[in-house]
Amino acid sequence: MAFFVEVLVSGLLAGFMYSLVALGFVLIYKASGVFNFAQGAMVFAAAVTYAGLVSLGWSAWVAFAGSLLAMVVFALATERFVLRPLVNQPQISLFMATIGLTFVLEGLSQSVWGSEVRGLDLGIPDSPLELKGILVSKFDLVAAGTAAVLVSVLAFFFQKTRVGRALRAVADDHQAALSVGIPLERIWALVWAAAGAVALVAGLLWGSRLGVQFALTQVAFKALPVLILGGFTSIAGAIVGGLMIGASEKVAEVYLGPLIGGGIENWFPYVLALLFLLVRPDGLFGEKRIERV
Amino acid sequence: MQGKVPGPVLLEVRGVSLSFGGVHALREVDFHVSEGEVCAIIGPNGAGKSSLLNVINGVYAPGAGTITYAGQTRRAMHPHAAAAQGIARTFQNIALFKGMSVLDNVMTGRALKMRRGVLWQALYWGPAEKEELEHRGRAEKIIDFLQIEHVRRTPVGRLAYGLQKRVELARALAAEPRLLLLDEPMAGMNIEEKQDMCRFILDANDELGVTVVLIEHDMAVVMDIADRVVVLDYGRKIADGTPAEVRANPEVIAAYLGVPTEADERAVAGAG
Amino acid sequence: MIYREAGQFRTTYVADQRIFPITQDRVAMAMLLIVAFVVVPAAASNYVLTALLLPMLVLAIAALGLNILTGYAGQFSLGTAAFMSVGAFAAYNFQLRVPGIPLLVTFVLAGLVAAGVGLVFGLPSLRIKGFYLAVATLAAQFFVDWLFTKVAWFSNDSPSGTITAQPMVIAGLPIDSPARRYLLVLSIAAVLALAAKNLSRTATGRAWMAVRDMDVAAEVIGIPILRTKLVAFGISSFYCGVSGALWAFAYLGTVEPQAFDLQRSFQILFMVIIGGLGTVMGAFLGSAFMLLFPLFLNWVLHLIVRTELRPGLLSQLELVFFGALIIVFLVVEPRGLARLWQITKEKLRLWPFPH
């Protein structure tokens, strides 16, 4: 029993890591209606920039600032050269454009920093902590805490501030938002920069767990079932979805995996999300789409 | 219009009520439409007119009441079944298939009549081609009827608004319906376009024998082409009769122009 | 001057409904077919046949399939390669376990099996739309990947999950030379392209496009939405399955699990987007482009950068260029190469007059 709880808890905490990545997706989708396929590449690029700067001798905080700056520059460039020309194009075009962005980002970061695997040390020990008889990883706790803080800040921002409202208007209808005078370009640059910052945090955490290597880009694929469960537009949903996916994935891996041959974590979360979708096509917290004729 | 003998009842709406959450779109609406008639539904915005059309053709299922169409009584009907039984309609916000040409849009109106399976269509030569050509002929008759031959290959998205409305009418007529539901077919048109549209609707009613139920705001149009008028206000039917009868109905006048309150009368008295 | 329609009157519906109503188009198509079927196998080198034309045609068939699903029916799919994989493994198993089965029948059956799988994954599409559907197809991709590597029966207990396709024979004639393989694939591609074109201009195609453009209105007209979507999924997967089978049998001869991974799905998606969504020609143009562009880029970069580069840097730079190219395409001509070709033809019709 204790073992099951341990597995469950470690799964829940792992779920927070997924939520972090999903959060970036939600930000961009919520504010610009774009499904940003490049989020995974952003996580990777941010992590590798940080690791690269550190290896050049920069201190941790300065490297963090530097990587953040790089993500902001990326956001500005994306807004100027990709989003602005594609205003009001159908969603699939924007989605394809983000795939193009993925390639650009992956190629660029590897050209600049090389493609060897690097370690990333954040100074957080991965040692276990004992809480009421269950072993919990300190690292997971820190990740969970970070995610929780980020989510609260972002949720507050979206709901209560003027800029947050403007962001929601933009996501709803670009043309309408423009005609009301909302500065689309600045909003988009802001959101993508925010998503970049979230990607940086996620990248640091994932990077110290997995090492900074190309496989980091695949983390985004794990975040997609999270989005399906939580809805593409809900920040809270990203957390809840992440927890559900993290927990069920861990439990399935430990208990179900050995029965059917192992290695099921690649598709199990997806199938779970799919089954869920049949009941709730817009996700747990997603906005119900109303089609009026 | 005047002097037309009403045929048997084609559509009967009885006690239909419809709500969305707390909003009562329709409250116990009763009326009927005879075969061959042109019946106009009028009323202020939000009176439930579009909802009524949606109930008739099965897009919404009413919470109470029944619809009797062509002798069959039911409450809810799948829109697909409604189409199969000869109910066609147009929409307030044009529901054309923007990626296709005018001809293709009109041809989709004949979707229910085309029988040949996928394999024959992939082969094309033979039965599928024959069927395609036969239906092309029928569609062209409608295109001719509505005078849109000159744009038949143009993608609908590129047409002017008035022409798009005509194409939507063509698509509905291509299905050879018994009952045609038109939701504000002349919205946003100028006078000439409206006159053309009126002519087309009357021709469809006369020559093709289609029973028409239309929602319309322009009173001149309604007085001109409707045989009967049904007036809705806040989901309730408040009048039902010939255009002349309805125009003189005090409840209708109150609904449209408003009933003067004491404050209004004082203001008018003070200003005079 | 050459491309004028003046004097060409179409007086019957039959003439108007033709795939190529303009005479010059018909002539051009006939010439293209003669070159493809007669000149190329005689004149082209083995390298061009096996390394360029074969994969281009095989992938074009998959692109045709994806075009039907995404271009005509508007259902977004990221699992194209999974259906190719199903087709490849199905064909292999049919040849393996059913003695004496004719090759073409194997291909058809492989396509049908893929179609069946496609139907299963298409069932949720009635309720879920847009990106949710894309993610569902992604699930198919991952699941099929896992299935064929883990369950040894599919690969006849091969330790790595790799299968080697059996040699091809049709009616006693061995299809082993590059020229014969090319002709086989070309014939199948031509037939499937014609079928796709025919479908697009009849009721099925219109139903697909209606569901794509506004499914609520389509339903009101009487078009059955679920059935229309399922037919799209089925036919699209059939094409992908045949493509996968041809990949295994006619092109490479072997299939490793990575041959049909997510990268492949993306490759085919790009083919369709760059070639032009909703066009049959786009599938072929896109396929040619995707295969030729890396070669071209490689050659250009080698010309520009003379010095010895860090290994791998070249492929990373290619990645950057490729990504940038996709974005440029989407900005400049989102309707792809087929649209560019159409615009060229329209200009040709007026040439030498400007408008």
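This is a quick look at chain A of a predicted model and how it meets chain C.

Okay, housekeeping. Local features here need pLDDT of at least 70 and side-chain atom pairs count only at pLDDT 80 or more, while totals for chains, interfaces and linings use all residues. Residues are numbered from 1 along each chain as its sequence is written, and chains are lettered from A, ligands numbered from 1, in the order in which they are written.

So, chain A on its own. We've got 11 helices and two strands, taken as DSSP runs numbered from the N terminus: H or I of at least four residues for helices, E of at least two for strands. From the N terminus the order goes α-α-α-α-β-β-α-α-α-α-α-α-α. The radius of gyration, over C-alpha atoms, with a globule rule of 2.2 Å times the number of residues to the power 0.38, comes out at 19 Å, close to the 19 Å the rule gives for 293 residues, so chain A is as compact as a globular protein of that length. The C-alpha trace spans about 60 × 55 × 35 Å along its principal axes.

How much of chain A is buried? Of its 293 residues, 48%, where buried means 20 or more other C-beta atoms, placed from the backbone, within 10 Å of the residue's own.

Now the interface. 37 residues of chain A contact 32 of chain C, contact being C-beta atoms, placed from the backbone, within 7 Å. Elements giving two or more residues to chain A's side are α4 (91-113), α9 (219-230) and α11 (268-279), and α4(A) brings the largest share, 15 residues.

Note on methods:
Contact = placed C-beta atoms within 7 Å. Buried ≥ 20, exposed ≤ 12 C-beta atoms within 10 Å, placed from the backbone.
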